[in-house]
Structure formats: structure tokens, C-alpha cells
Amino acid sequence: MSSHRLTFTDTSLTDGQTAVWAGALDNRMVLVPAAALSSSGLAAVEVLSPAVLNGCMARDEHPLQRVELAHRHYGPVPLRATVNLLTEHGRAGADVLGPAAIDGWLTALAAAGLRQVVLLDPLLDLVRLKAALESAAAAGLTAIAALPYTADDGVSDETYAERAASLVAAGADRVMLRDEGGVLTPDRVHTLVPALVSALGDTPLDLHTRCHTALGTVVAIEAGRLGVRGIDTALPSVANGASLPSLPSLIRVLRREDYQDLPDLDALLSADAILAGIADQEGFPATTPWPFDLATYVHQLPGEVAADVRSALRASGRWADLHEFAAECAAVRREMGSPPMVAPFARAIAEQAMCHFGGEQRYDSLRPVLRRLLQGVYGTVDGDQRVDLQARVGSVLRSESNSPTVEADLAADEDVLLAWIAGVTVATVPRRADVQPYKALAPYESLTRGLLERAGRYATLTVCAPGLRIHLQQEG
């Protein structure tokens with residue numbers, strides 16, 4: 001048994017449901033499993049991420065209200081959010097969140113009830129990260145700095161250890177090895193985790209890994225044995241595949257190794273049953289493990305991006321060409337300077353590769369995020385970018401695109417701040433609304449709803465049962 005205590009954060013309400021249910025959980029639904037999750041002994045529950053923020057905006061829900069509601073319903077369990085310093089909308093000027101935007105946003109999140117924040121800068125710009133970590137500390141938040149992991153050749157354990165140490169020097173309370181592409185292997189864990197633990201000293205190391213290759217659970221277990229102190233997980237309904245390891249599955253294994261103070265399995269299963277009930281009523285897809293496939297190590301797409309690509313390939317009848325797409329995805333990434341395959345770069349690279357894969361002449365069009373990447377707006381990448389593409393888009397000085405003058409009024413107005421982060425106009429920022437927890441339909445309500453959803457396929461639809469008769473008929 002490991003000598004240190006292992007803790008777990010649940011990401012079912014963010015990355016789990018984003019990867020499996022395309023972010024369909026609304027503000028009502030996230031409140032229903034609150035009692036079960038908050039009593040289970042979790043270290044934290046993540047309630048907001050960049051993808052969830054975008055989903056809230058699309059549903060006309062206020063993202064900060066989501067945090068406020070969770071704070072009221074989840075009781076003592078700490079709430080966490082993930083904040084990316086680089087936005088995915090590619091809007092000039094707001095694609096890199098400067099000090100004023102980050103400071104205002106973290107202050108707003110803390111006021112809404114947040115206790116922890118994962119700060120992700122895919123390019124590990126220590127100037128940006130240091131300012132964000134200082135803002136988190138000033139807001140009273142536990143600051144977790146993300147260390148992106150890729151399966152690229154030539155990046156040694158020592159390099160990752162140096163990067164981790166630099167995050168601590170910048171002010172991180174914890175460091176998270178973040179494997180959003182699910183490409184971390186048990187073999188690499190056995191050399192990488194000890195190197196990171198040694199470099200971090202007393203600073204805890206966390207792990208966020210996915211299950212793209214079906215190895216996520218094994219990776220998590222081995223990492224826990226080797227010194228990782230916190231592991232991100234999900235409930236079974238939204239675990240595996242593009243999502244994270246199932247916490248109940250981990251607990252069953254760790255119990256055999258005599259780990260102490262593990263979360264309450266019954267409470268977790270109760271919370272999962274609630275989510276499964278919502279999924280059944282709403283028609284959300286069932287989660288399924290993905291088989292091992294080497295294409296994952298080639299395209300390295302994270303979570304929901306990988307799920308979307310798989311769905312698109314199946315829908316277009318080109319699932320057999322997965323490896324061909326993966327190769328094109330890797331080529332685009334290489335020609336962009338090999339940025340880490342996380343937001344905002346991963347989806348843009350996947351979309352660009354899909355354009356080429358669909359027959360468009362290579363780079364006949366160019367995704368906005370990639371244009372901004374080539375222009376140097378986001379910062380410096382490790383690899384070489386295609387010179388002809390750089391010449392085509394020109395350059396933009398980072399000081400021009402992220403001027404303090406542009407951000408000066410962000411802290412003064414919450415709506416202006418949210419519009420800036422989401423890449424929308426202030427007029428489209430959602431209003432706070434009255435939100436009651438989601439309620440399951442009665443059996444007759446579920447039956448009627450299902451019949452109405454299917455009625456358009458039939459001229460006449462009749463259901464008869466003892467004491468019940470429903471008759472639906474198309475007019476005309």
C-alpha cells in the first residue's frame with residue numbers, strides 16, 4: 001500500500017458529461033446528484049470548464065449561476081473549475097486572457113462559491129501563469145497548475161520535471177499532470193511520476209487522464225502507487241471512452257490494497273443512478289469503453305474532440321479511414337509547430353485535418369485559431385511552423401492584441417467580462433433565471449412524451465392499456 005493518502009475529484013459534471021453526452025447536462029440537472037456526491041468523501045467536485053461555459057452560453061444559462069447553484073446545493077465539498085488562459089473562439093484581442101480578465105474572472109468565481117481552480121496555459125507561458133496564480137491566491141483559491149502531457153518523442157522525464165518545478169516557482173499550490181489525449185501508458189508512468197514527485201518536493205502532484213486507449217484506469221492505479229496524491233475521475237454513467245476512469249472501479253481495486261479513507265462507494269453509486277436516470281429519460285447515449293487503437297497516439301485528440309471526430313467518421317461512412325485521418329491530423333499539428341493537443345489548438349487542428357480529409361486542397365482555408373497561432377498571438381511553440389503559412393497570415397504583436405487598455409474595464413462589469421471570455425457580445429450574455437432541480441417524469445408523462453416524439457412518423461398512433469387509451473392522429 002502507498003504511504004500517502006489518495007484523494008479524488010469528480011469531473012462527471014464537466015469533462016465526463018462533455019465527452020459522453022456532448023455537454024447536455026443543464027443547470028437543473030447538475031443539482032440532482034448534489035446530496036449523494038457531497039456526502040461521498042470527495043476532495044472536490046468540478047462544476048465549470050471552458051466547454052461547460054460554452055454549453056451554458058449556448059443554452060442561455062449563466063455560467064456563474066451554475067457555480068452559485070452548486071455552492072448552495074453541494075454543501076461542504078469544495079467546488080473546482082478549470083480555466084484556460086487561451087480561449088477557443090479565436091476572437092482577436094480576447095484569444096489570450098490577460099491579467100485584468102483573469103483577475104476579474106477568478107474573483108467572480110470565488111465570489112460565486114468556488115474553492116479550487118485548475119489553471120491551464122497550453123504553451124506554459126510562465127509570465128501569464130505567474131500572474132494568474134497570483135490572482136488565484138488573492139481570490140482565496142487553491143491554485144492547481146496544469147502540466148500538459150503529450151506522446152511526442154524526445155520530451156524526457158527530466159524536461160517534464162523541470163516544467164513542473166517551474167510551475168511551483170511561479171506559485172502553484174498543486175501541479176496536475178494533464179493527459180487529455182489519454183496517451184499516457186503504464187510504462188511511462190513508472191518513470192515519469194517518480195521524476196515529477198521528486199521535482200515537486202512537498203507540492204502535491206495530481207493526475208488527469210482519459211480512457212481513449214482503455215488504459216486510463218491502469219494508469220491511474222499505477223500513478224497512485226507511485227506518489228500521485230489526487231486523481232480526477234468520473235461516475236460510471238459518464239466514464240471511460242473519451243472520458244475519465246470510473247471512480248467506483250478504482251475504489252474496488254484500491255480496497256484490495258488496503259487504502260484508507262476512500263470515498264463512500266454506496267454514495268457514489270447513488271449519484272450515478274441519478275445521472276443514469278436523467279440519461280434514460282432524456283435519451284442521452286450510454287457510455288462504452290473504447291478498444292485499444294494506435295491511432296490515438298498519432299492524432300492525440302483530447303476528450304470531447306476525439307469523441308466528435310469518431311462520430312463524424314462513422315456518420316460519413318469513413319470509420320475504416322481513422323488511421324488516415326490520424327496521420328493528417330498529426331501532419332497539421334506538426335506544420336503548426338507541434339502545440340500541445342489541448343484547447344484551443346486541438347479542435348482547430350482536428351477541423352483543419354477534417355477539411356483536408358474531406359477533399360479540400362490543403363490549407364485552402366485556415367481555421368481562425370490556427371491563423372492566430374501562426375501569427376504568434378498565443379506565444380511560442382516548441383516546433384517549427386510552415387514558413388509559407390506564416391508569410392501568408394503575417395504577424396501580430398502580442399502587446400497589440402492583449403493591450404491593458406483593452407481590458408481596463410473588464411473588472412467593473414460582470415457581463416462585459418463574461419462576453420470577453422466567451423467571445424460574444426454583451427447583449428447576448430444570458431440573464432440569471434429561477435432554476436429548480438430537475439425532476440423525473442411520472443411514468444405516464446414519460447409515455448406521453450415518447451409518443452409525441454414519435455408521432456410524426458405515423459398517420460395514426462394508438463396505445464391501449466387497462467384504464468388508459470391514447471390516440472394520436474396526423475391532420476391532413
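The model is predicted.

Start with helix α6, residues 126-138. Which residues of α6 are buried? They are R128, L129, A132, L133, S135 and A136. Viewed down the axis of α6, these buried residues fall within an arc of 160°, so they line one face of the helix. The spacing fits a general rule. An α-helix has 3.6 residues a turn, so residues three or four places apart point the same way. The face of α6 turned away from the buried side carries the exposed residues V127, A137 and A138.

Now the two ends. At the start of α6, D125 places a side-chain oxygen within 3.0 Å of the backbone nitrogen of V127. After α6 comes G140, with a positive phi near 80°.

Move on to helix α15, residues 345-357, which contains Q352. Is Q352 buried or exposed? Its relative accessible area is 0%, and under 20% counts as buried, so Q352 is buried. A polar atom of the Q352 side chain lies 3.0 Å from the backbone nitrogen of R367. Leaving aside residues up to four places away in sequence, Q352 touches V332, Y363, S365, L366, R367 and L370.

Next, the aromatic rings. The structure holds five aromatic pairs. One of them joins W21 and F284. This pair is tilted, with 5.1 Å centre to centre and 40° between the planes. W21 lies in helix α1 (residues 12-21), while F284 lies in the loop between α11 (265-282) and α12 (295-299). The pair therefore ties together parts that are 263 residues apart in sequence. Both W21 and F284 are buried.

F325 and F357 form another pair. Here the geometry is edge-to-face: the centres are 5.7 Å apart, with 75° between the planes. F325 belongs to helix α14 (residues 322-335) and F357 to helix α15, so this pair ties together parts 32 residues apart in sequence. F325 counts as buried at 0% relative accessibility. F357 counts as buried at 9%.

The charged end of R318 sits over the ring of F357, 3.8 Å from its centre. An arginine also lies over a tryptophan: R310 is over the face of W290, at 3.8 Å from the ring centre.

Terms used
Residues numbered from 1 in each chain as written. Predicted model: local features only at pLDDT ≥ 70, side-chain atom pairs only at ≥ 80, totals over all residues. Heavy atoms only, no water. Helix = DSSP H or I, 4+ residues; strand = E, 2+ residues; numbered from the N terminus. Expected span 1.5 Å × (residues − 1). Buried < 20%, exposed > 50% of the residue type's maximum accessible area, 1.4 Å probe, protein only. Arc of directions from axis to C-beta. Polar contact = N/O pair within 3.5 Å; in protein donor to acceptor, adjacent residues only side chain to side chain. Contact = heavy atoms within 4.5 Å. Phe/Tyr/Trp six-rings, centres within 6.5 Å; stacked < 30°, edge-to-face > 60°. Lys NZ or Arg CZ within 6 Å of the ring centre and 35° of its normal.
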